[in-house]
Amino acid sequence: MSNTIPERASAVIIGGGVIGSSVAYHLAKLGWSDVVLLERVQFSCGTTWHAAGLVGTMRANESHARLCEYSMAVLKELEAETGQATGFRQVGSLTIAHSEARFQELKRVAAMNNAFGVTRVDIITAEEAKSIYPFLETGDLLGASWVEQDGTASPVDVTQAFVKGARKRGALCLEGVRVTGIKQANGRVSGVVTDQGEIAADFVVNCGGLWGREIGRMAGVSVPLHACEHYYALTEKLDGLPHDLPVMRDYDRCAYYREDAGSLMVGAFEPNALPWGQQGIPDDFSFEELEGHMDEQFMPVLEHAMQRVPMLQECGWRKFFCGPESFTPDDQFHMGEAPELKGFYVACGLNSVGIQTSGGLGRALADWMDKGHAPMDLWGNDIRRMFPFQSTQKYIEERVTETLGLLYDNHYPYKQLETSRNLRHSPIHERLAGRNACFGEAAGWERANWFAPEGVEPKYEYSFGKQNWFEHSAAEHRAAREKVVLFDQSSFSKYLVQGRDAVKLLQRISSANIDVEPGRMVYTHWLNDHGGIEADLTVTRIAEDEFWVISGAAQTIKDLHWMKSHIAEGEFCCISDITNAWAMLGVMGPDSRALLGAALDHDFSTANFPFGDFHALELGMSRAYAGRVSYVGELGWELYVPVDQARHAFDYLWEQGRDHGLGLAGMHALNSCRIEKKFVHYGHDVADHDTPLECGMSFVCALDKEIPFIGRDAILKQKESRAFMNKRLVQFLLRDPEPVFWHHEPILRDGVIVGHLTSGDYGHTLGGAVGLGYIEVDEEVSKEYIDAGSFEIDVAGERIPATASLSALYDAKAERMRG
């Protein structure tokens, strides 16, 4: 097929599946008149054409629920606008539970989604499920969830509707044009090379689906995704099968069911998937099917399906299908601007939620490109959350065998992935393993989450209640509060910022005043133009032109991208990632001063070493640094030791700590301590659509410093208008000591939902589950508002009385930490 391609476009979108066509449509809808959509073969080929077409709104977080809400709404709008049918039918969706764990999860997810206010989720009995889905075997069912507004659509027709809508608004949508290269100049994308010529462009969007990783490589951009075999089967046409039969999901048996043109489709999300395309996706692959491994992968699911829907035992089967779909390392789709190349955006790796997310994702990415920032909290999907090692063939090929099945797996709190592990180790990893550490994975790091006592296997036993490590972590928590413990925090991100203009850069991007004397640490936020929090970290001045920045383990790529993007023309500033050069050991607890004072030849008194100080010192035979800060809310110091000397430092501290009762503590104890102190966690409690005023941290904003920080005007405006008073971060403590929080539990005031938790854990000192969450209402969330209300938290459908507080319920004045 021959096409006349333009010489120039404002944006070139690569990939004409449902996501690429949605991005094209929404950019055109925003008034981008010269958008070009390029499809290598034919619209919807690759993956979209064989998608199941499930359209649901019950999601794991509010942003995704909002994306799906819009996706459903735009399907109706598209039909009216273009005349192209989308096949959308609201038939409802039923999710069944025949295990206690599954039913507990359904109750939690229902409560969470009802708090989002996007959809209504009802928990129903087995008998009610039978009345909704008469072909269902319900003898072993405990109950189900029901969403009346969900439905199904035709993926090919949805794609065609987006294409027609985009063309109607001026976009050029071409088939039969293969992109062979990405052009760039001065760190910015400048266009694409195709098999029919070049197109200059200000923006390029990778919506390449199965080919997304290869397209990323053309641009020098890491896009971790890989194809897996994916299965479904279709019965022969069944007499009496209702056209409006609801979608039914049996997560415990990895299956979904939907009516399809008089047949019943049974699809699978098997737990041990098989990767496909390890040697690359063939250039001519478009509408082909895969031979697959039906007997091993799909038949066990189908056998269970015949028990769940007995009529399947008697019917004929007209189609057994296997096709490829792409999956990512964390089962979350990728979107946003690539940190490696300005103007190069990504929207791919949909993990089988492409149809139901397509409209919302397309609009969100178009808004992102148009305004330069995400329109909602999408950090969990931001391509900057990924690390380059996650694109390596071995890593991604192994990981996706597990992530395909995650969609239907039990989403237990702290559930650890088992594939692609043991990649990044702290230098004291073996020391901790020898002391019975149970490791979890974060950003590729193996981190000690908790320590098992002697004779206990350090292994998770998952549940939605108090898990097997609860008491062990509680002991670590209490030791941090009452004695002294050592945390291995080596996974925390560390950056060296140096050069003539280092202070100018950091003053501009930091809300706090970081132009302090060398040897001082400053807690600060990095804000965007509308005052949202892009980073939550500390900046330490080492010398006049040298700083250290310490941040969370998962934020490395995003933080580095933010800093480098804000170096002004003509400024001299060098930024280096020194995470792997320095180990970080947190010595925390009321006895930390006594231990360190005895073990190190240094004065740790408040007079000599006040809170926020940063000193060079000797740690055994090692030259190290110590900073007096704490994420647990107790007296303590973070020790920074060169990686090659970290084992010696640990051994020395461990030996010296014998007389002081030094113990080890893991990340679970770190989290339970910080949440008692109402310390925030980036990505949960704060993100780019939350401001310091809203989360109760106005003290990080130095509004009068000489170099104004990014977001200052927005903070001043919010402060003057008092708009932040309608959305405030509140701490909650359950009065019943038995239930536990995880996150997203609904907050009720006087019986009315006023928000949901952003994070939760158990407060072993406070004596109950503790959570943080925003109350967002039309009136001011003042102390009087809190005191006048009666608060409850919905835990799996049960409303439990809670104490609410704007200040920390533990050591509100921070006397223990600063004393």
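The largest cavity of this predicted model is lined by Leu210, Arg213, Glu214, Leu225, His226, Ala227, Trp276, Gly277, Gly280 and Ile281. A cavity is here a set of points, on a 1 Å grid over the protein atoms alone, where a 1.4 Å probe fits but cannot get out, and a lining residue has an atom within 4 Å of a point. Helix 6 (212-218) and strand 12 (226-235) are the elements that give two or more residues to this lining. Helices (H or I, at least four residues) and strands (E, at least two) are DSSP runs, numbered from the N terminus. The lining comprises five nonpolar, three polar and two charged residues; Ala, Val, Leu, Ile, Met, Phe, Trp, Tyr, Cys and Pro count as nonpolar, Asp, Glu, Lys and Arg as charged, and the others, Gly among them, as polar. The volume of the largest cavity is about 100 Å³, a volume being the space filled by probe spheres set on grid points that are joined across faces, edges and corners.

Residues are numbered from 1 along each chain as its sequence is written. Local features need pLDDT of at least 70 and side-chain atom pairs count only at pLDDT 80 or more, while totals for chains, interfaces and linings use all residues; side-chain values use heavy atoms, with hydrogens and water left out.

The second largest cavity holds about 70 Å³ of space. Of the 13 residues that line this cavity, Trp469, Phe470, Trp742, Asp761 and Tyr762 are the closest to its centre. Helix 11 (470-482) and strand 36 (752-763) are the elements that each give two or more residues to the lining.

The second largest pocket has a volume of about 870 Å³. A pocket is an open set of points with protein on both sides within 12 Å along at least five of seven lines. Of its 35 lining residues, Glu337, Lys342, Arg384, His561 and Ser565 lie nearest the centre. Helix 13 gives the most to this lining, with seven residues. By class, the lining has 12 nonpolar, 11 polar and 12 charged residues.

Elsewhere, helix 1 (residues 18-29) packs with helix 5 (residues 155-168) at an angle of about 25°, their axes 8 Å apart. Axes are lines fitted to C-alpha atoms over the stretch in contact, and angles run from 0 to 180 degrees between N-to-C directions. Helix 1 is therefore roughly parallel to helix 5, a term for angles under 35 degrees.

Methods:
Angles under 35 degrees count as roughly parallel, over 145 as roughly antiparallel, 65 to 115 as roughly perpendicular and the rest as oblique.
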